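Subject: Structure handover and notes

Hello,

Here is the structure I said I would pass on. My notes on it follow below; please read them with the model open.

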Amino acid sequence: MVEAATFNESPYSPDEVRGMLTAGRQRAWLALGEGQVVGFVIGFVTHGLRGRCWEIDLLAVLPAWRGHGLATRLIRAASAHGARLAPRARAVIADDNSASRHAFERAGFRPAPEMCDLQIRRLTGLHLRSPLTLGVTVHEATRAAELSHWLPGLQALPQSAELSVIVAEQHGDLAGYAELIQVETLLYRGVWIESLVAHSRPARAALVRETTNRALVAGLDEVGAMVPDKDRAARQALRSAGFRSLGTFQWLVAELPLPGLASLPGGGLRSVLPGQGGGGLGV
Ligand SMILES: CC(C)(COP(=O)(O)OP(=O)(O)OC[C@H]1O[C@@H](n2cnc3c(N)ncnc32)[C@H](O)[C@@H]1OP(=O)(O)O)[C@@H](O)C(=O)NCCC(=O)NCCS
């Protein structure tokens, strides 16, 4: 109901959402007012080359209930749970969403210095395309050593079913890599391009083509990337591959646990039981 009154983008039925929030990796926190749900936030863990991260997603409060600190409390409740699962947290905020930015900052997050272009490619109706060759081949990385040119400190590739790292070779030399994280949210199932690094345009284009093909084969809905504004080459490669910009966005980041959680105000606050799908947040 709150999702429909705010984002109104979820393609899933209430039963499907219930299944995702209990059997899947996502967890929800609810703000309750006058016996009904008036706000919610979703959190889930991702596992990338930089380790685990607690992703805070889809924060929303019904218009009549805004401006009372509910979003801030939802973020803090979700972050308290996330602190058991990951050493850091983050969220994506539209550049012009001051209310959301304030709520995250109030909760203890800080904006990352760089603005990003959020680029996505919806996959519905797309067909597999033959790999781009141009002297480039792409394969799955199996050893950290394949990335040592870019990530000299990386000891081992993290073992996670949701993470894959693909490497481009051009004329026999390593020419780039892409770090891909598979995610399921209440709005879509997709791949995030967490990093896209390449020495040449053909290598970059081949990595993007391979990413899209893999997402298609996996039956996913979309591929997305937060591309730092200064990374023109990546933006160009994604645009050429049919991605479109959703506008300027920013990461809001925090180390976990957030400071001062023990003294969180609000007598009605109840924490979420581990392994359960939803939590109550008394208003
Ligand atoms: C963003 C949203 C969840 C905030 O909910 P909320 O319960 O009103 O947030 P809070 O009451 O915790 O407000 C947090 C801060 O933002 C401030 N704020 C609220 N609306 C604001 C606005 N339009 N512009 C600037 N600041 C605003 C509040 O004053 C408060 O700051 P303070 O604590 O320093 O006084 C709500 O506006 C919403 O559902 N928006 C639509 C969906 C959305 O944009 N979600 C976020 C996607 S990342």
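Ala-99 lies in helix α4, where helices (H or I, at least four residues) and strands (E, at least two) are DSSP runs, numbered from the N terminus. This is a predicted model, in which local features need pLDDT of at least 70 and side-chain atom pairs count only at pLDDT 80 or more, while totals for chains, interfaces and linings use all residues. Residues are numbered from 1 along each chain as its sequence is written, and side-chain values use heavy atoms, with hydrogens and water left out.

Ala-99 is exposed, at 60% relative accessibility. Here buried means under 20% relative accessible area, exposed over 50%, and partly exposed in between (1.4 Å probe, protein chains only). From Ala-99 to Thr-137 the separation is 38 residues in sequence and 45 Å in space, C-alpha to C-alpha.

Helix α4 covers residues 98-107 and packs with α3 at an angle of about 50°, the two axes being 8 Å apart. Axes are lines fitted to C-alpha atoms, for helices over the stretch in contact, and angles run from 0 to 180 degrees between N-to-C directions. The two helices, α3 and α4, are therefore oblique to each other; angles under 35 degrees count as roughly parallel, over 145 as roughly antiparallel, 65 to 115 as roughly perpendicular and the rest as oblique. On the α3 side the contact is made by Ala-71, Thr-72, Ile-75 and Arg-76, and on the α4 side by Ala-103, Phe-104, Arg-106 and Ala-107. Contact means heavy atoms within 4.5 Å. Sorted by class, the contact of α3 with α4 has five nonpolar, one polar and two charged residues. In this sorting Ala, Val, Leu, Ile, Met, Phe, Trp, Tyr, Cys and Pro count as nonpolar, Asp, Glu, Lys and Arg as charged, and the others, Gly among them, as polar.

**Ser-79 in α3**

Is Ser-79 buried or exposed? Ser-79 counts as buried because its relative accessibility is 0%. It sits in helix α3, residues 70-82. Leaving out residues up to four places away in sequence, Ser-79 touches Trp-54, Ile-56, Phe-109, Leu-256 and Leu-258.

**Aromatic pairs**

Rings of Phe, Tyr and Trp (its six-membered ring) pair if their centres lie within 6.5 Å; planes under 30 degrees apart count as stacked, over 60 as edge-to-face and the rest as tilted. By this rule there are four aromatic pairs. One of them joins Phe-104 and Phe-109, whose ring centres are 5.2 Å apart and whose planes stand at 75°, so the pair is edge-to-face. Phe-104 is buried at 2% relative accessibility, and Phe-109 is buried at 4%.

Trp-150 and Tyr-177 form a tilted pair, with 5.4 Å centre to centre and 50° between the planes. This pair links distant parts of the chain, 27 residues apart: Trp-150 is in the loop between β6 and β7, and Tyr-177 is in strand β8 (residues 173-184). Both Trp-150 and Tyr-177 are buried.

The loop between β6 (136-140) and β7 (163-170) also holds Ala-145. Ala-145 has a relative accessible area of 45% and is therefore partly exposed. Its C-alpha atom is separated by 8.1 Å from that of Gln-155, 10 residues apart along the chain.

**Backbone points**

Most residues other than glycine have a negative phi, and most peptide bonds are trans. The following residues depart from that.

- Glu-34 is not a glycine, yet has a positive phi of about 50°. Glu-34 is in the loop between β1 (27-33) and β2 (36-48) and is exposed, with a relative accessible area of 73%.
- Leu-58 has a positive phi near 55°. Leu-58 belongs to strand β3, residues 51-61, and is buried, with a relative accessible area of 8%.
- The peptide bond from Leu-256 to Pro-257 is cis, with omega near 0°. Pro-257 is in the loop between β11 (244-255) and β12 (278-282).

**Ala-234 in α6**

Ala-234 is in helix α6, residues 232-240, and is buried at 4% relative accessibility. Residues up to four places away in sequence aside, Ala-234 touches Leu-196, Arg-204 and Val-227.

Regards
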